[in-house]
Amino acid sequence: TISKDAFVAFVGKLPKAEGEKEDETLSDEDLARAYVVLDEEKTGAVTRETFVALLRSMMKVVKDVALTGTLSLQDSKSLRRLEAGEALEVLEGPVKEGELTRVRGRAVQDGQEGWVTVAGNQGSIFLKEGGSTFKIVKETILTECFEIDAPPSEVRKIKESTRKLKLGEMVEVREWGKKQEGTGLTRMKCKVRSDGLVGWITTVGNT
């Protein structure tokens, strides 16, 4: 986890942006207030995963497109095809390659990295900003902990710390889905847009 003091010290040592004036530099008090916003769970600590999720640039695949090994499409090997609906973390770009706009990214689904065309030369759009916001399509529960199987002594505590998410509610990813050993469920940490609650939901069942 990242403490407030560590956050303030780290950001305070970052080099100034090009053209930034001395009086535009954030004070330690400004950075401390920013940290309070990052501490969404009000625990006094921010996990590395949450910090990265808030800074991560995401794009959503809106039309099937190839993930290639190099920026140039000429003689570039196709690593795999990204399908509509997938999410891509942008690592570099966008950059122009001839008449194409390209980014280097990492597919959330399998971690494969490569170059992807954002927009083609005939007006085709393959990627759009977004990819880290999801809509609830089936009622589920938001729990405080990743683990949802517990001994009888803990069941009541889990029930008291859950909230039912209704159809159509929107959530923002804080930690991408990972499979829970034992149950086979894929669980994702997210923030509910309507009330700001942060917790874990099941995105893929075990059947």
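This is a predicted model: local features need pLDDT of at least 70, side-chain atom pairs count only at pLDDT 80 or more; totals for chains, interfaces and linings use all residues.
Local features need pLDDT of at least 70 and side-chain atom pairs count only at pLDDT 80 or more, while totals for chains, interfaces and linings use all residues. Residues are numbered from 1 along each chain as its sequence is written, and side-chain values use heavy atoms, with hydrogens and water left out.

To start with the big picture, the chain has four helices and 13 strands (DSSP runs of H or I, at least four residues, and of E, at least two, numbered from the N terminus). Of its 207 residues, 31% are buried, meaning under 20% relative accessible area with a 1.4 Å probe, protein chains only.

Next comes an open sheet of four strands, in the order E8-E11-E12-E13 with antiparallel pairing; strands pair if DSSP finds at least two bridges between them. Strand E8 (133-135) and strand E13 (198-204) sit at the edges, each pairing on one side only. Inside the sheet, E11 (residues 170-179) and E12 (residues 186-192) pair in the antiparallel sense over six bridges, and Lys 179 stands opposite Thr 186 in E12.

As for Glu 41, it lies in the loop between helix H2 (28-38) and helix H3 (48-55). Glu 41 counts as partly exposed because its relative accessibility is 36%, which falls between the 20% limit for buried and the 50% limit for exposed. Apart from neighbours within four places in sequence, Glu 41 is in contact with Lys 189 and Val 198 (heavy atoms within 4.5 Å). The C-alpha atoms of Glu 41 and Lys 191 are separated by 9.5 Å, though the two residues are 150 apart along the chain.
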